[in-house]
Amino acid sequence: MKITNQQLETLRIERGRRNLTISSLAQQLGVSRYTMANVINGKTDGLRSETVKKINSWLAVHPSKAVVNHD
C-alpha cells in the first residue's frame with residue numbers, strides 16, 4: 001500500500017511542528033524507526049496495510065494546522 005502525497009506532506013509538517021525525531025514519531029505510531037525513516041523520505045511503496053492505518057490514525061488524532069498549497 002501507499003500513502004498519498006497529501007498524507008505524506010501532512011505527516012512531515014506535523015512532525016516538524018511538534019519537533020519530533022523519526023524515532024519518537026515511530027514510537028508514537030508503533031512502527032520501527034527504519035519504516036518511519038522510509039516513509040518520511042518518500043519511500044512509501046509496499047507499506048503494510050497496518051502501517052498505513054497507524055499513520056492515518058495518528059494524522060486523525062493530530063490534525064495539522066498548516067495549509068498545504070499544491071499549485
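What percentage of the 71 residues in the chain do buried residues make up? The figure is 31%, with buried meaning under 20% relative accessible area, exposed over 50%, and partly exposed in between (1.4 Å probe, protein chains only). The model is a predicted one, in which local features need pLDDT of at least 70 and side-chain atom pairs count only at pLDDT 80 or more, while totals for chains, interfaces and linings use all residues. Residues are numbered from 1 along each chain as its sequence is written, and side-chain values use heavy atoms, with hydrogens and water left out.

On to the overall layout. The chain has four helices and zero strands, helices being DSSP runs of H or I with at least four residues and strands runs of E with at least two, numbered from the N terminus. Reading along the sequence gives the pattern α-α-α-α. A contact means heavy atoms within 4.5 Å.

The middle of the structure comes next. The largest nonpolar core has 16 residues, and Leu11, Leu25, Met36 and Val39 touch the most other members. Such a core is a set of buried Ala, Val, Leu, Ile, Met, Phe, Trp, Tyr and Cys residues joined through side-chain atoms within 4.5 Å. H1, helix H2 (22-29), helix H3 (33-40) and H4 are the elements that give two or more residues to this core, and H4 supplies the largest share, four residues. In soluble globular proteins, nonpolar side chains tend to be buried together.

Leucine 11 sits in helix H1 and counts as buried because its relative accessibility is 0%. Setting aside residues up to four places away in sequence, leucine 11 touches Leu25, Met36, Val39, Ile40, Ile55, Trp58 and Leu59. The C-alpha atoms of leucine 11 and histidine 62 are separated by 9.3 Å, though the two residues are 51 apart along the chain.

How do the helices pack? Helix H1 (residues 5-17) and helix H4 (residues 49-61) meet at an angle of about 55°, with their axes 11 Å apart. Axes here are lines fitted to C-alpha atoms, for helices over the stretch in contact, and angles run from 0 to 180 degrees between N-to-C directions. H1 and H4 are therefore oblique to each other; angles under 35 degrees count as roughly parallel, over 145 as roughly antiparallel, 65 to 115 as roughly perpendicular and the rest as oblique. The crossing of H1 and H4 is left-handed, as the near helix is turned anticlockwise from the far one by less than a right angle (clockwise would be right-handed). On the H1 side the contact is made by Gln7, Thr10, Leu11 and Glu14, and on the H4 side by Ile55, Asn56, Trp58 and Leu59. These residues split into four nonpolar, three polar and one charged, where Ala, Val, Leu, Ile, Met, Phe, Trp, Tyr, Cys and Pro count as nonpolar, Asp, Glu, Lys and Arg as charged, and the others, Gly among them, as polar.

H2 also packs against H4, at about 100° and with the axes 9 Å apart, which makes H2 roughly perpendicular to H4. Here Leu25, Gln28 and Leu29 of H2 meet Lys54, Ile55 and Trp58 of H4, giving four nonpolar, one polar and one charged residues.

The pairing of H2 with H3 has an angle of about 110° and axes 8 Å apart, so H2 is roughly perpendicular to H3. From H2 come Ile22, Ser23, Leu25, Ala26 and Leu29, which meet Arg33, Met36, Ala37 and Ile40 from H3. By class, that contact has seven nonpolar, one polar and one charged residues. Alanine 26, found in helix H2, is buried with a relative accessible area of 3%. Not counting residues up to four places away in sequence, alanine 26 touches Val31, Ser32, Arg33 and Met36. Alanine 26 and isoleucine 55 are 29 residues apart in sequence and 9.7 Å apart in space, C-alpha to C-alpha.

Two other residues round out the picture. Threonine 51 belongs to helix H4 and is buried, with a relative accessible area of 10%; neighbours within four places aside, threonine 51 is in contact with Val31 and Thr35. Asparagine 19 lies in the loop between H1 and H2 and counts as exposed at 69% relative accessibility. Although not a glycine, asparagine 19 has a positive phi of about 55°.
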